[in-house]
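Me: Hi! I have a structure open and I'm new to it. Could you walk me through some of it?

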Amino acid sequence: AAAAATRVGSRLQPAGCLTTTVTGPTVTYVFNDCTGPYGMVHVTGTVTALYSRAGNGAVQAVITGTGVKVNAATVDLNSTVIASQSNGVKKADVVTNADATGPRGNTITRDGAYVVTWDTTSQCITIDGTWTTKAGVRTASTVVAGYKRCKGACPAAGGSIVHTSARTNVVTLTYDGDATAAWVTADGKSGTVTLQCGG
């Protein structure tokens with residue numbers, strides 16, 4: 001728990017925006033307008049993480065937060081992460097749920113189950129998972145399969161993202177290893193999109 005508290009704070013800006021309290025296996029994180037390296041998301045509020053040992057040497061973290069401000073939204077969250085490391089490959093199995101209210105009072109529920117790996121030798125990340133978003137009676141989903149990207153390179157060939165909108169429109173994005181990705185819709189429309197990647 002103490003090591004996790006230190007790691008989280010070292011990755012946030014501005015310096016000192018995060019206060020942590022360690023009590024046994026529990027860390028309480030108090031964010032005050034914290035943002036990450038890209039500055040896209042600003043977080044204010046209190047999040048609690050309970051750490052424990054899982055099987056095969058993995059670490060489990062149960063993360064909860066109520067009324068956390070994320071940009072202009074207010075979020076209640078509950079996530080379970082099982083983290084492991086073997087032969088230089090770090091892996092996180094994540095199951096997450098969040099209820100959010102936007103600045104205009106609109107509410108959504110977001111559920112996700114995904115696996116992320118990071119190979120410290122090749123510096124490649126892989127992602128596989130499913131996310132579902134509910135807003136009122138409408139539901140949208142995103143499925144990521146075989147997404148892999150290495151440092152300084154474009155997404156590897158073979159990965160795909162399938163998004164089903166709340167109006168049941170389906171768009172499939174596929175990668176072929178270069179700086180373009182192909183997309184196709186369920187009704188037969190298709191095209192390509194330019195990616196910001198590569199050397």
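Me: Where is Thr185 found?
Reply: Thr185 sits in strand 12, residues 180–185. Strands (E, at least two residues) and helices (H or I, at least four) are DSSP runs, numbered from the N terminus. This is a predicted model, in which local features need pLDDT of at least 70 and side-chain atom pairs count only at pLDDT 80 or more, while totals for chains, interfaces and linings use all residues. Residues are numbered from 1 along each chain as its sequence is written, and side-chain values use heavy atoms, with hydrogens and water left out.

Me: Is Thr185 buried or exposed?
Reply: Thr185 counts as buried because its relative accessibility is 17%. Buried means under 20% relative accessible area, exposed means over 50%, and partly exposed is in between (1.4 Å probe, protein chains only).

Me: And what is Thr185 in contact with, leaving aside neighbours within four places in sequence?
Reply: Val170 and Val171. Contact here means heavy atoms within 4.5 Å.

Me: Let's zoom out. How many helices and strands are in the protein chain?
Reply: The protein chain has one helix and 13 strands. Reading along the sequence, the pattern is α-β-β-β-β-β-β-β-β-β-β-β-β-β. The C-alpha trace spans about 55 × 45 × 35 Å along its principal axes.

Me: How much of the protein chain is buried?
Reply: Of the 199 residues, 25% are buried.

Me: Which residues have the most contacts inside the largest nonpolar core?
Reply: Leu12, Leu18, Tyr29, Phe31, Cys34 and Tyr51, in a core of 15 residues. A nonpolar core is a set of buried Ala, Val, Leu, Ile, Met, Phe, Trp, Tyr and Cys residues joined through side-chain atoms within 4.5 Å.

Me: Which elements each supply at least two residues of this core?
Reply: Helix 1 (2–10), strand 2 (26–35), strand 3 (42–53) and strand 4 (59–70) each do. Apart from this core lies another one, of nine residues, among them Trp131, Ala181, Leu195 and Cys197.

Me: Back to Cys34. What does Cys34 contact, beyond its neighbours within four places in sequence?
Reply: Its partners are Leu12, Gln13, Cys17, Leu18, Val41, His42 and Val43.

Me: How many aromatic pairs does the structure hold?
Reply: Three. In one of them, the ring centres of Tyr29 and Phe31 are 6.3 Å apart and their planes are at 25 degrees, so the pair is stacked. Rings of Phe, Tyr and Trp (its six-membered ring) pair if their centres lie within 6.5 Å; planes under 30 degrees apart count as stacked, over 60 as edge-to-face and the rest as tilted. Both Tyr29 and Phe31 are buried.

Me: Switching to the backbone, which peptide bond is cis, with omega near -10 degrees?
Reply: That is the bond from Gln13 to Pro14. Pro14 is in the loop between helix 1 and strand 1 (18–23). Most residues other than glycine have a negative phi, and most peptide bonds are trans.

Me: What is the phi of Asp33, then?
Reply: Asp33 has a phi near 55 degrees, a positive value in a residue that is not glycine. Asp33 lies in strand 2 and counts as partly exposed because its relative accessibility is 39%.

Me: And what about the phi of Asn56?
Reply: Asn56 also isn't a glycine, and its phi is positive at about 60 degrees. Asn56 lies in the loop between strand 3 and strand 4. With 85% relative accessibility, Asn56 counts as exposed.

Me: Last topic, charges. How many salt bridges are there?
Reply: The structure holds one salt bridge. The side chains of Lys91 and Asp93 meet there (4.0 Å, N to O). A salt bridge is a side-chain nitrogen of Lys or Arg within 4 Å of a carboxyl oxygen of Asp or Glu.

Me: Why does Lys91 count as partly exposed?
Reply: Because its relative accessibility is 35%. Asp93 is partly exposed too, with a relative accessible area of 29%.

Me: One more: where is Asn87 found?
Reply: Asn87 is in the loop between strand 5 (73–86) and strand 6 (89–101). Asn87 counts as exposed, at 77% relative accessibility. The C-alpha atoms of Asn87 and Asp119 are separated by 8.8 Å, with the two residues 32 apart along the chain.
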